[in-house]
Structure formats: C-alpha cells, structure tokens
Amino acid sequence: MANEFLKLMESDREYILFDGDTLKLYKIPKEKVSEVRDFMEKPRERHFAPIEIPDRLNRLTLCVTSVCNLACKYCYEGEQNCPEHKTPFISFETIQKTIDFVLSQYKEGINCVQFFGGEPLLNVKAIRYTIGYITEACQRLSIEPPAYTIVTNGTLMNDEIHELFNEHFGRVTFSLDGRKEINDANRVFAGGKKGSVYDTVAASLKKYEKDRKYYVDVQMTVTESQLAQEDPEITDFLHIKDLGVGNVQISPLINTKDYQVAERDQYTSRIIRYFQKCYDHEIRNINKSNYYKLLSLVQVLKEHTPSDHYCGAGFRDISVDTAGNIFPCFMFNENPAFIMGNVEGDPEEFLKNREIYLNNTISRNEKCAKCWAHGMCSSGHAGCIGSYYLENGTINQPIDYNCQLTKSTFEDALCKIAKFA
Ligand code: SF4
Ligand code: SF4
C-alpha cells in the first residue's frame with residue numbers, strides 16, 4: 001500500500017512535498033522527484049497526538065433564545081427555531097447553573113463564551129447577566145475570564161448594544177451573504193415582515209464603523225446564485241469587505257433535510273475556485289483583522305504531530321440551550337439524540353457522553369486515517385462533525401464534497417506557504 005499521507009504538489013514549476021504525518025513541507029529539486037515518488041510507494045507508520053481532556057474549555061456556546069426574527073431559507077435550524085419552542089428564552093437561573101456546571105468540569109475556565117440563538121440580541125439582558133456572573137465567578141476562583149463573541153444577524157443593532165460590544169466583546173460575527181439582491185433572496189424577516197435585511201445590516205455596519213473597538217467578522221454563505229459562472233467572480237466577498245468588515249468567513253452550503261444544492265458537483269468545483277480567489281485577495285491585503293485566520297494553518301503546521309480529532313465539538317467546545325441541555329455544538333441544538341446531559345443533572349452523564357466525542361477519532365475512520373490532509377482537518381470545513389450529521393445523520397462520516405474543498409484549499413495554501421520557506 002502506498003504511503004498515502006505524503007502529498008506531492010507542483011506549483012509554478014516547483015515541486016513541494018507535504019508530509020501529512022509530521023506536518024512538514026519540503027521543496028523538492030526536479031531531479032529528485034522520481035526518487036520521492038518511489039519513496040511514496042513505501043508504507044510508513046502513522047502518528048497522532050495523544051487524546052487529552054482539556055482543563056480549559058475552548059468555547060461555550062450559550063443559546064440565550066431559540067427565537068429568531070429572520071426566516072432564512074437555508075437555515076439548518078429550520079422550523080425548530082420558532083416562538084412556540086418550550087423555552088424560548090434562557091432564565092437567569094439556567095445561566096448561573098450553566099456557568100457553575102462548566103467551571104466545575106473545566107477547572108481552568110473557558111477561553112471564549114459565544115452568545116448564540118435564534119437571534120441572541122432578542123435577549124440582551126441575558127447576555128449582560130452572563131457577563132456579570134462569569135466575571136464574579138472567575139474573580140472568586142482566580143481564573144482568567146473568557147473572551148466574548150456573538151453570532152448575530154445584525155438587524156437589531158442599536159447604540160446600547162454597540163456600547164455593550166465596545167465594553168466586553170473582542171469579536172462580533174454578523175451574517176450577511178453579499179449584495180442586496182443576493183442576501184435578500186434568502187435572508188428575509190420572519191412572519192412576512194416587510195423590509196430589506198441587507199439594508200438594515202449594512203446601515204448598522206457603516207453607522208458603528210468609526211468608534212468600534214471590537215472586530216467584526218461577517219459569516220457569508222456562498223449561495224448557488226453567486227456561483228452562476230464557471231469561473232466565479234468574488235463580487236459579494238469584496239462587497240462585504242467594502243462595508244468596513246475586516247474578516248469575511250466564507251461557508252459552503254451543506255445539504256440538509258430542508259435544503260439541497262441542485263448541482264452539487266458543479267457547486268463544488270466552482271466554490272473551490274471561489275475560495276482560492278478569496279484567499280489570494282486576503283494574502284495580498286493582509287491586515288490586523290484577517291491575519292489570525294491566515295495564520296491558523298501555519299500554527300497547525302508548527303505542531304508537527306497531527307491531532308486525531310475532527311473539530312472539538314463535544315469536549316473542547318460545547319453548547320448549552322435555553323433549557324440547560326448540553327450539546328456537542330450549536331449545530332446539534334434541539335436534537336434530543338445529541339443531548340449530552342443537563343446543567344442541572346448528573347455530571348457523570350455529561351462525562352460519559354463526552355467519551356463518544358473524544359473517541360470519534362480520525363484514526364478510527366479507514367478513509368481519513370489514510371488521508372494526507374488529516375492533520376489539518378480540524379481547521380477546515382471537512383472536519384465539521386455538525387455538517388456530517390446534517391448531511392449523513394452521523395458524526396463519523398465526513399462529507400466528500402467538503403473534503404474536496406478542504407483538500408484543495410490546503411493544497412493551494414501549502415504551495416503559497418512553501419514559497420516563503
Ligand atoms: S474528513 Fe476528509 S479531509 Fe478530513 S481526514 Fe477525512 S478524508 Fe481527509
Ligand atoms: S466545526 Fe462544526 S460541529 Fe465542529 S464545533 Fe465548529 S460548527 Fe460545531
């Protein structure tokens with residue numbers, strides 16, 4: 001069996017070898033290429049970093065409401081996200097119990113608390129209460145407080161919220177898909193309410209740009225209409241950047257039970273090109289706000305021993321819903337089959353369920369264990385176990401089209417990094 005975690009790439013008439021086992025890059029002189037090809041035929045042992053349970057939780061996603069004021073057509077939360085939900089808003093008591101529970105299981109605290117919904121700005125008082133409660137708890141326990149982030153549709157911004165962000169938030173993520181006609185084709189107000197979501201969000205991005213102390217990221221889903229041409233222009237990506245946004249996180253569409261991409265192969269080949277163009281643009285225009293994204297791959301390469309996990313859902317990251325139910329990530333919220341426990345329940349239930357996610361390793365999957373990109377999978381779309389579940393109904397079956405996208409993006413990025421080596 002060939003050594004499948006070595007990847008030989010050709011870029012601008014240079015040969016670059018990437019060793020997926022040691023995460024090292026080599027420039028290969030042309031005359032050595034056939035020797036390298038022979039070497040690639042020889043099997044070799046594979047290594048993974050040992051599985052460690054972290055003392056500090058990387059991310060707690062706290063869903064402060066399950067209600068949303070938008071009804072986006074591709075939303076994976078679908079009809080679960082409605083005011084008839086049993087617990088539409090989190091209570092102060094559940095917030096306290098959540099923080100107490102998490103700090104009892106992760107003795108070194110939490111790196112980042114991410115407020116989530118529904119639309120989290122429908123429950124600002126819960127956000128304020130959480131920040132106050134955590135600040136006190138961290139002082140009492142002498143642990144470093146977390147950073148705060150939020151994922152919001154941005155339609156409810158006002159002066160008071162802007163001040164709250166300025167005071168406590170390092171980074172705020174808005175959702176917007178691009179120009180008005182592209183965004184408003186899918187992102188619409190709930191309950192038939194009239195008005196343009198794009199106009200509302202773009203106006204507040206501009207209004208608060210000047211005295212903003214927090215970074216704004218925009219989460220942009222690349223819809224099929226943005227990929228109408230074979231070699232698509234990144235017009236919407238550039239349009240959002242012009243709204244004063246430092247970093248645009250581009251996401252591919254995944255299939256859900258309510259939304260299927262019509263021409264998946266065509267979508268995949270076009271979005272690969274879209275990603276390449278966006279990265280090229282970012283590398284040419286590196287700034288304080290986007291550099292951390294670009295450097296994330298370099299950081300992974302510095303580790304030298306690949307992680308054996310896809311993403312950190314279920315052990316490094318967890319999500320708690322408005323009723324105190326614990327999920328591996330917000331992508332599983334509301335699905336009873338994925339409840340890991342409750343913040344008022346027996347911690348042993350959570351710990352037992354956490355093992356499922358700790359043991360959901362790359363090396364246990366025959367295809368992934370041989371993949372040259374396995375060491376970087378956790379930092380790409382291919383490693384998102386939430387998308388596996390939405391597409392395949394399981395957490396251990398990666399999605400081929402996202403693997404293609406991730407591998408192609410890595411290949412392109414590795415060739416660019418090799419030029420600086
Ligand atoms: S999920 Fe895809 S990219 Fe990641 S290791 Fe598995 S096959 Fe490779
Ligand atoms: S990669 Fe996907 S499943 Fe994993 S933590 Fe992120 S959103 Fe959740």
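This is a predicted model: local features need pLDDT of at least 70, side-chain atom pairs count only at pLDDT 80 or more; totals for chains, interfaces and linings use all residues.
The protein chain has a mean pLDDT of 90, and 94% of its residues reach 70 or more. Residues 79-83 call for some care: the pLDDT there is below 50, and this stretch has seven contacts in the model beyond near neighbours in sequence.

Now to the other ligand. Ligand 2 is surrounded by C311, G312, A313, D317, C329, M331, C384, I385 and G386. Six residues of the shell around ligand 2 are nonpolar, two are polar and one is charged.

Next comes the layout of the chain. The protein chain is divided into domain 1, covering 1-47, and domain 2, covering 55-421. Taken over C-alpha atoms, the centres of domain 1 and domain 2 are separated by 34 Å. Where the two meet, 16 residues of domain 1 are in contact with 18 residues of domain 2. On the side of domain 1 that touches domain 2, strand 1 (6-11), strand 2 (14-19) and strand 3 (24-28) each supply at least two residues. The largest share of that side, four residues, comes from strand 1. The class make-up of the side of domain 1 that touches domain 2 is seven nonpolar, four polar and five charged residues.

Strand 1 and strand 2 also pair with each other: they run antiparallel and are joined by six bridges. Within this pair, M9 stands opposite I16 in strand 2. The hairpin of strand 1 and strand 2 has two residues between the strands, and D12 there takes a positive phi near 50°. R13 lies in the loop between strand 1 and strand 2 as well, and R13 counts as exposed because it has 6 C-beta neighbours inside 10 Å. In the loop between strand 2 and strand 3 lies L23, which is partly exposed, with 16 other C-beta atoms within 10 Å.

As background, most residues other than glycine have a negative phi, and most peptide bonds are trans.

| Residue | Phi |
|---|---|
| D12 | near 50° |
| R13 | about 65° |
| L23 | about 60° |

A backbone feature of another kind is the cis peptide bond that joins G117 and G118, with omega about 15°. G118 is found in the loop between strand 5 (109-116) and helix 3 (124-141).

Nine strands form an open sheet with mixed pairing, in the order 9-8-7-6-5-4-10-11-12. Strand 9 (247-252) and strand 12 (341-342) stand at the edges, each with a single partner strand, so one side of each has no neighbour in the sheet. Strand 4 (residues 56-63) and strand 10 (residues 317-320) run parallel and are joined by four bridges. Here L62 stands opposite V320 in strand 10. D317, a residue of strand 10, also belongs to the surroundings of ligand 2.

Technical notes:
Residues are numbered from 1 along each chain as its sequence is written. Chains are lettered from A and ligands numbered from 1 in the order in which they are written. A residue is near a molecule or strand if its C-beta atom, placed from the backbone, lies within 6 Å of it. Ala, Val, Leu, Ile, Met, Phe, Trp, Tyr, Cys and Pro count as nonpolar, Asp, Glu, Lys and Arg as charged, and the others, Gly among them, as polar. Two strands pair if DSSP finds at least two bridges between them. Domain bounds come from an automatic or database domain assignment. pLDDT is the predictor's confidence in each residue, from 0 to 100. A residue is buried if 20 or more other C-beta atoms lie within 10 Å of its own, exposed if 12 or fewer, and partly exposed in between; C-beta atoms are placed from the backbone.
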